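Keep the viewer open and try each task before reading its solution.

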Amino acid sequence: MTQASREAEWAEWMRRANAGDSHAYRCFLAAVTPHLRAIARRRCRAFGASESDVEDVVQEVLLAVHLKRGTWDPARPIGPWLSTIVRNKLIDSLRRRGREATTPIDDVMEILEAEPAADPGDRIDVEQLLEQLKDPQRDIVRSISLKGEGVRETAARLQMSEGAVRVALHRALKTLARLYRSEEA
């Protein structure tokens, strides 16, 4: 089977999944996971990330695909959409671990803007929102989102499974988004 025919099949499953077909969604996930893992492994090697980072990146990609599947445009190919998610999640992972992924400045020169200076009040706002979370969600968000620790390290420290940490993080971020929106109103 060619890459184009595989991607056509994946796209069809995703269309059906977005229409509510859970069986098609399971087929899609089962089919694309090995492909995502191969991309993540190749890119981790290219950026000097360890082999153990591959599974973390794949899990984050699968979570992002699940959360953002409604953003995929069925009129466009699904392969590049998936590759972009893998690239973005790998970059996020490298940043959390203190490594930098670089992009040649010439490629982005026209779209660069000066970042506004951080408002010291933002940190206070974040802390106020975090205080509204329950433990261990608060600790997980601080650990992963603010301190840049990995899921594996956080799970080991909290004596939780990596999957439970990811689920708790996802739920905590949804809660924080809801709290933030309610404070803006």
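**Exercise 1.** Is D21 buried, partly exposed or exposed?

*Solution.* Please keep in mind that this model is predicted. Start with the cut-offs: buried means under 20% relative accessible area and exposed means over 50%. D21 has 27% relative accessibility, so D21 counts as partly exposed. Next, look at the partner: D21 forms a salt bridge with R16, with 3.4 Å between the closest N and O atoms. R16 is partly exposed too, at a relative accessible area of 32%.

**Exercise 2.** Find the salt-bridge partner of E60 and say which helices the pair links.

*Solution.* First, the partner of E60 is R96, and their closest N and O atoms lie 2.6 Å apart. Then place both residues: E60 sits in helix 3 (residues 52-68) and R96 in helix 4 (residues 78-96). They are 36 residues apart, and the pair links distant parts of the chain. Finally, check accessibility: E60 is buried at 14%, while R96 is partly exposed at 21%.

**Exercise 3.** How far apart along helix 9 are R166 and E162?

*Solution.* Begin with the contact: R166 and E162 form a salt bridge, the closest N and O atoms being 3.9 Å apart. Both belong to helix 9 (residues 162-184); they are 4 residues apart, so about one helical turn separates them. R166 is buried, with a relative accessible area of 11%, whereas E162 is partly exposed at 26%.

**Exercise 4.** How many salt bridges does the structure hold?

*Solution.* The total is 13 salt bridges.

Definitions and conventions:
Residues numbered from 1 in each chain as written. Predicted model: local features only at pLDDT ≥ 70, side-chain atom pairs only at ≥ 80, totals over all residues. Heavy atoms only, no water. Salt bridge = Lys/Arg side-chain N within 4 Å of Asp/Glu carboxyl O. Buried < 20%, exposed > 50% of the residue type's maximum accessible area, 1.4 Å probe, protein only. Helix = DSSP H or I, 4+ residues; strand = E, 2+ residues; numbered from the N terminus.
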